[in-house]
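Please open the structure in your viewer and keep the selection tool at hand.

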Amino acid sequence: MKASAFTYARAASVDNALELLAVHGERSRVLSGGQSLIPAMNLRLISPELIVDIGGLAELRGITARGETLVIGALTRHADLLGSSDIVKCAPLLAAAVAHIAHPAIRNRGTIGGSLAQADPASELPACMLALDATIVVRGPAGERRIAAEQFFTGIYETQLAPQDLLVAVEVPLARKGSVHFFKEFARRHGDYAIMGLAAQAVLDGDEFADLRLGYFAVGDKPVLAKAAGKLLGTAMTPARLAEAADALSDELDPHEDQEATPAMRRHLAKVLLTRCVASLLDRPDLLHIGGHV
Amino acid sequence: MTAPAAISLTVNGERVEAHVLPRLNLADFLRDHLKLTGTHVGCEHGVCGACTVRVGGEIVRSCLMLAVQADGAAVETIEGLSDSGEIADLQAAFRDRNALQCGFCTPAMLMAAQDLLRTKAMPAREEIREHLSGNYCRCTGYQAIIDAVETTARARMEPKA
């Protein structure tokens with residue numbers, strides 16, 4: 001199908017975009033890469049009256065290291081993340097995750113800001129933001145707000161963004177010494193939305209976890225930072241301890257049912273990914289065999 | 001405005017000036033306004049890949065881009081790649097290997113395959129598969145398509161006589 005008619009405004013600056021959004025509010029939508037918005041419009045799932053195109057705003061582009069933080073502009077495309085030496089060095093989890101997002105032609109247009117604002121619970125980048133303890137930078141009528149990723153995602157396609165707000169950047173802490181990451185998703189075919197997946201960031205202290213952040217996606221209406229990770233910190237890893245954390249994870253998650261999987265299957269896959277993640281990060285292949293789930 | 005907007009772009013190297021409605025996507029602009037019907041329209045929501053074109057040298061889904069977003073851009077379609085001879089060897093390989101049946105997906109397959117071969121001289125079969133994963137062939141000709149891309153890559157690696 002084709003999108004229904006709308007009014008189109010090309011924002012000349014972030015301030016200009018905010019003025020347009022302040023006036024038109026819920027009747028308007030922000031267009032960045034358009035790889036989620038335009039399909040939804042073509043399918044007539046949404047019919048905004050006004051499209052505010054921010055695609056030309058150079059001030060929203062680019063990846064810069066600022067102190068202990070990597071600032072990623074909202075218009076940074078998936079293809080840019082994949083090809084950036086700064087990302088590989090400072091936030092390699094993102095490079096690993098982006099390779100799973102759709103296909104090259106989509107990655108050439110889709111942006112990090114668009115993906116986070118869309119907040120599809122099956123998409124990769126929101127879970128990465130949880131794992132990386134990122135901050136989402138938002139500008140609105142009352143000025144700039146900096147929102148922790150854990151608070152930003154509130155439900156299916158829902159975030160702390162008001163219709164008058166613009167997501168302008170994300171801030172990701174630079175990978176610390178001893179940082180390691182893990183990314184894995186189950187999908188029917190490469191590039192499809194995940195049946196479920198895990199983005200994890202950890203800090204190792206010898207053969208123990210000093211920190212472990214597990215960002216699960218496609219496990220409900222929003223990405224989940226699993227509390228079960230706490231059971232694995234500062235302790236020598238044993239199969240019993242890992243099994244205990246896997247059980248806690250299973251209790252903690254409340255996965256949805258859809259045509260891809262039942263809640264029970266998603267719980268099972270979450271435990272499988274936990275096991276693989278811990279075995280991989282600690283370089284302990286022996287842990288893969290606990291409880292028979294590999 | 002819902003009224004037509006003026007756009008100015010190049011398509012296959014030629015300057016194009018037009019007035020388009022904001023809702024018009026780039027695929028329909030190329031097909032209906034410029035009569036470049038080699039760009040195909042399948043699903044119209046970014047899944048099938050049949051509308052793949054190059055914008056600024058990179059492949060994109062032209063059904064997921066508004067014509068107004070192409071203002072100032074350099075767009076290349078299958079007609080451009082074909083007429084310039086850039087993909088003559090790839091087209092010949094597709095023909096030789098029977099890498100098409102109905103041909104609906106073929107222009108975009110060629111676009112995506114050439115995109116890969118421009119950045120990676122000798123991709124592994126798995127890499128070819130992954131790069132073409134966003135392009136559907138409903139005649140299920142994938143094996144032959146991958147063969148044709150692999151053959152072209154190998155031939156391009158050989159020193160020219």
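Predicted model: local features only at pLDDT ≥ 70, side-chain atom pairs only at ≥ 80, totals over all residues.

Three strands form an open sheet in chain A, in the order β1-β3-β2, and their pairing is parallel. At the edges stand β1 and β2 (28–31) of chain A, each of which pairs on one side only. On average, neighbouring strands of this sheet are turned by 25 degrees against each other, direction ignored.

Next, select residues 28–31 and 50–53 of chain A, which are β2(A) and β3(A). Four bridges connect these two strands in the parallel sense. Within this pair, A:R29 has A:I51 of β3(A) as its bridge partner.

Move to chain B and select its strands. How many strands does the open sheet of chain B have, and in what order do they lie? There are five, in the order β2-β1-β5-β3-β4, with mixed pairing. Because β2 (14–20) and β4 (58–61) of chain B stand at the edges with a single partner strand each, one side of each is left without a neighbour in the sheet. The twist from one strand to the next averages 40 degrees.

Select residues 52–55 and 74–76 of chain B, that is, strands β3 and β5. They pair in the antiparallel sense over two bridges, and B:R54 stands opposite B:E76 in β5(B). β3(B) and β4(B) run antiparallel and are joined by four bridges; here B:V55 has B:E58 as its bridge partner. The two strands form a hairpin with two residues between them, and B:G56 in the turn has a positive phi of about 60 degrees.

Now display both chains together. In the interface, 29 residues of chain A are in contact with 24 residues of chain B. About 2500 Å² of area is buried between the chains, and carbon and sulfur atoms give 53% of this. Select A:K2, A:F6 and A:R109: in chain A these lose the most area to chain B, together 20% of what that side buries.

The next stop is the second largest pocket, with about 510 Å³ of space. Which residues lie nearest its centre? Select A:G55, A:G56, A:R61, A:R109 and B:Q69, which are among the 27 residues of the lining. The elements that give two or more residues to this lining are β1 (7–10) of chain A and β4 of chain B. By type, the lining comprises eight nonpolar, eleven polar and eight charged residues.

The last stop is the largest cavity, which has a volume of about 40 Å³. Its lining includes A:H103, A:P104 and A:A105 from chain A, and B:T52, B:I59, B:R61 and B:A112 from chain B. Both α6 (104–107) of chain A and β4 of chain B supply at least two residues of this lining. The lining divides into four nonpolar residues, five polar and one charged.

Note on methods
Residues numbered from 1 in each chain as written. Chains lettered and ligands numbered in written order. Heavy atoms only, no water. Pairing = 2+ DSSP bridges. Axes fitted to C-alpha atoms, helices over the stretch in contact; angles between N-to-C directions. 1 Å grid on protein atoms, 1.4 Å probe; cavity = no way out; pocket = protein on both sides within 12 Å on 5 of 7 lines; lining within 4 Å. Points joined across faces, edges and corners; volume = space filled by probe spheres on them. Nonpolar A, V, L, I, M, F, W, Y, C, P; charged D, E, K, R; others polar. Contact = heavy atoms within 4.5 Å. Buried area = accessible area lost by both parts, 1.4 Å probe.
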